[in-house]
Each structure stands twice: as structure tokens, then as C-alpha cells.
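Take a look at the model below. We will walk through it one place at a time, from helices to loops to the ligand.

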Amino acid sequence: MDAPNHPTITTKGVLRPTLVTVNLERLTQNYRAIQQHVGNSRVMPVLKANAYGHGLVEVARHMAGLGAPMLGVAFLEEGILLREHGIQMPILVMGGILGDQIPLFLEHDLGLAASSVEKLAQVDQAAEARGVRARVHLKIDTGMERIGVHYYSAEALFEASLACKHTDIEGVFSHFANADAADLSSARLQIERFEEALRFYERRSLPTPMRHMANSGAVLQLPESHYELVRPGILLYGVYPSNEVKRTIEVKPALRWTSRVVYFKVVKPGHPVSYGSTWESDHLVRMVTIPVGYGDGYFRAMSNRAEVLLGGKRYPVVGRICMDQFMVNIEWDSAYNGDEVVLVGESGDMRITVEDLANWADTIPYEILTNINTRVPRVYVRSGE
Ligand SMILES: *Cc1c(COP(=O)(O)O)cnc(C)c1O
């Protein structure tokens, strides 16, 4: 049984000519660079949303091999998928939970985020009923206003956790709203609030559970937030979380997105291209068609803005991007059916980054990566080639 998110690696010959190629060696280098930077903190790779488009199961296996202590996902289903593919290491589901999901967390030995006193009590009861131990990380909201008990009410959650007899409190965590910004004042305020809440343990002379707070932005910019564990996502894949963030760690993109020319033609002036006829040439041009579209996650918003690499040069995407195809103006250069086209990645000394695509689509790199959908086969290589 292959779940929908499982990467396609399989046989040669039947793959689409459109591929995402994930360079596992780059993932290794990025992981090690982050580990080195955070010193004694441990690094929990965040693998939600199909490992930011890189393929959940393959990336999880690779991270397990690198000695990651724990994997982070957003949803229960992502955790179960990993278990079904034989991943046995600790997994933390960081998102909010529903009461009826609790038995599945316990059945699959998945760590969960307790973001209210009621949920925590429910978890403890469910663990007792099953005769197992629950693994819980207490979620404190220090300024994101998403999930978690507010820092000013955290004491009640900590108290409640002390009363849980069937639950291991494995961690206590919070999440930044602005750790990738140039102005870090609000992020620093969040750290203060987290520490203020954690003084509970000091006052009671109790050991503090493992603390974690740092996403990629904080890994790069806020060493005081690294604590015992950091939770980088996008940085691990070699992409910086924002343009403003200080690049204190050097990482390189692990993902390359390519396709191949499927059609060549000459287009006359006055003959507009694609839906809506939004583009036409005033002179004779050569044009190629690429079998990729917004149905793969190549956003329609990039129509008449995106560029691709072909034969070591950059060319513009012209006309509307369709669901499964788009057109590229190569002026009077040469191209042939089957030629490789780079949508994201390097070609010679040129490169197109997910940041470029994010600019063209008026979004952030995260959204570009996580929208390259499962219609695009993933292949895995160990080196740059
Ligand atoms: C997504 C997420 C992360 C990782 O964020 P990046 O910005 O990709 O590093 C860390 N922690 C939580 C709770 C998240 O939801």
C-alpha cells in the first residue's frame, strides 16, 4: 500500500519526464551545518507537508541515518504514515489534536502536543485505559496565538501535568511568530515569556522538561532560544526562511525541479499564446512547450513572470501557465524535443531558486516547496550529479 504522499522512486522508463530530484548529500551537509551551529542542542528535523515537498518517507529514513533524535511532523496522519513505513524513532506531532485522535497517537507511539489542560487530562485517561504511557510535549503560546496554553496561564498546565500518572512529559515548547525578521524584539519578548513560564519548575525544584522553541529563523538568529532541541524545517532543505534573516549558517538547496521540452514551434506576430491571450510577440519567435503546470504546483500566478533554464540560458515563461503545460519563448535560439528544462536548480553557472519562484508568485518559498505535488515523481541521488 502506497499512501498518496509516498515518493515515487521505482522503475526507470515509466516516470514522467518531469522530476523533483532530491540530493540527499545536501540534506546531510545542511543537517551537519545546523548541528555544528547549535552546539550541544539536538536537531529535530521538521518533515511536515511531505518533508517540504522533498518526500516524507525518504527524508525521514535519511534523517534517521544521520542520527536525528526525533522527527517533527504537523499531523497525526503524517506520523502514522511514517510508522507504516517502518520508521521506529521518536516522532512528535506538533499540531493541534482532536480528542478522538488520541487512541491513534497511543497505538502508534506518537508524541503529541498538549495545548490545553483538558486535552492533557484526556490523553492521560486514554493512556490509562489502554495500559500504555503517553508521550507529551506541553505547548505554551508565547505570542503566536495559534495553539498552546498562554504563557500567563501555563502554570495550570504544568500543575495538571504533574498529576498525570500515565503520561511522560517529554518536552515543553513554544513557537515564534517573527524569528526570521530583521527586527527581533518581538521574538525576544517571546523568549522572555517562555522563560517566565518555565520558572515554575525552578520554584518547585522540579527538573524542567526538554525545552524547544527554535524554528529555522531562530536557529539562525537567536542562539538564546536553542535550548535542548531545535526544530528547523526549511533550513534543512537548504532554503532560508526569509530575505531579511541573517545567514549565519551556510546551507544549499537539496531540491532540483526539471522537465523536458515536449514541443517546438515557430510563432508568428499577432498570434497570442495560451488561455486569455495575455501575451503575443511583435516578431517571429521560436517557442517550446513544457509539460508542467499549476496542476503540479507550478503556480499560475507566475504566468508571464517566471523564467526557466534551457541549454544554459534563462528564458521567459510566456502566456498563462495551464494546468499541465506552459510555453517558453526562446527567441531565435535552438531547442529540441527532450531537452532538459530547469524550473528550480542549477544549470552550469546559472540557477533558479525557490525564492525566485516565490517572488514571481508573490508568495514565500515555503509555499512553493510544499505545493510541488505528488504528481511529480521524486528521485533521490547521493551527490550533486
Ligand atoms: C513548521 C514548524 C517548524 C519549522 O519551521 P521552519 O520555519 O520551516 O524552520 C518548527 N516548529 C513548528 C511548531 C512548526 O510548525
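This is a predicted model: local features need pLDDT of at least 70, side-chain atom pairs count only at pLDDT 80 or more; totals for chains, interfaces and linings use all residues.

Start with a helix. Helix H10 spans residues 354–360, and Asn-359 is found in it. Is Asn-359 buried, exposed or partly exposed? Its relative accessible area is 46%, so Asn-359 is partly exposed. The cut-offs matter here: buried means under 20%, and exposed means over 50%. Now look for Met-302. Asn-359 and Met-302 are 57 residues apart along the chain. Their C-alpha atoms are separated by 8.7 Å.

Next, go to helix H6, residues 117–130. Glu-118 has its place there. Glu-118 has 54% relative accessibility, so it counts as exposed. Now find Gly-348, which is 230 residues from Glu-118 along the chain. The C-alpha atoms of Glu-118 and Gly-348 are separated by 57 Å.

Now turn to helix H3. It covers residues 56–65, and seven of its ten residues are buried. That is why H3 is described as largely enclosed by the rest of the structure. Which residues of H3 are buried? They are Leu-56, Val-57, Glu-58, Val-59, Ala-60, His-62 and Met-63. What covers them? The cover includes three helices: H1 (24–38), H2 (48–52) and H4 (76–84). Strand E3 (71–73) and strand E19 (378–381) are also part of it. Look just past the end of H3. There, Gly-67 takes a positive phi of about 90°.

Positive phi values turn up at other places too. Most residues other than glycine have a negative phi. Asp-109 is not a glycine, yet its phi is positive, near 50°. Asp-109 sits in the loop between helix H5 (102–107) and strand E5 (111–114). With a relative accessible area of 34%, Asp-109 is partly exposed. Glu-145 also has a positive phi, near 55°. Its loop joins strand E6 (134–141) and strand E7 (149–150). Glu-145 is exposed, because its relative accessible area is 57%.

Is Asp-141 buried or exposed? Its relative accessible area is 3%, so Asp-141 is buried. Which residues does Asp-141 contact, leaving aside neighbours within four places in sequence? They are Arg-146, Ile-147, Gly-148, Val-149, His-150, Tyr-151 and Ser-174. The side chain of Asp-141 also reaches backbone nitrogens. A polar atom of this side chain lies 3.1 Å from the backbone nitrogen of Met-144. The backbone nitrogen of Arg-146 is reached at 3.2 Å. Leu-92 is 49 residues from Asp-141 along the chain, and the two C-alpha atoms are separated by 17 Å.

Ser-274 is found in the loop between strand E12 (263–267) and E13. The side chain of Ser-274 reaches the backbone oxygen of Arg-320 at 2.8 Å. Leaving aside neighbours within four places in sequence, Ser-274 is in contact with Gly-319, Arg-320, Cys-322 and Met-327.

The other loop lies between strand E13 (285–290) and strand E14 (307–310), and it holds Asp-296. Asp-296 has 0% relative accessibility, so it counts as buried. What does Asp-296 touch, not counting residues up to four places away in sequence? Its partners include Arg-16, Trp-257, Pro-291 and Met-323. Also among them are Asn-371, Ile-372, Asn-373, Arg-375 and Val-376.

Finish at the ligand. The space taken by the ligand is the largest pocket. How many residues surround the ligand? There are 13, and the closest are Lys-48, Tyr-52, Ser-216, Gly-233 and Tyr-366. Ser-216 has an N or O atom in its side chain that is 2.5 Å from an oxygen atom of the ligand. In the side chain of Arg-231, an N or O atom is 2.8 Å from a nitrogen atom of the ligand. His-175 has a polar side-chain atom 3.5 Å from a ligand nitrogen atom. How much of the ligand does the protein bury? Taken alone, the ligand exposes 390 Å², and the protein buries 92% of that.

Conventions. Residues are numbered from 1 along each chain as its sequence is written. Side-chain values use heavy atoms; hydrogens and water are left out. Buried means under 20% relative accessible area, exposed over 50%, partly exposed in between (1.4 Å probe, protein chains only). Helices (H or I, at least four residues) and strands (E, at least two) are DSSP runs, numbered from the N terminus. Contact means heavy atoms within 4.5 Å. A residue is near a molecule or strand if one of its heavy atoms lies within 4 Å of it. A polar contact is a pair of N or O atoms within 3.5 Å; within protein, one must be able to donate a hydrogen and the other to accept it, and residues adjacent in sequence count only if both atoms are side-chain atoms. Accessible areas come from the Shrake-Rupley method with a 1.4 Å probe; for residues, only the protein chains shown count as cover. On a 1 Å grid over the protein atoms alone, a cavity is a set of points where a 1.4 Å probe fits but cannot get out, and a pocket is an open set with protein on both sides within 12 Å along at least five of seven lines; lining residues have an atom within 4 Å of a point. A molecule sits in a cavity or pocket if more than half of its atoms lie within 2 Å of its grid points.
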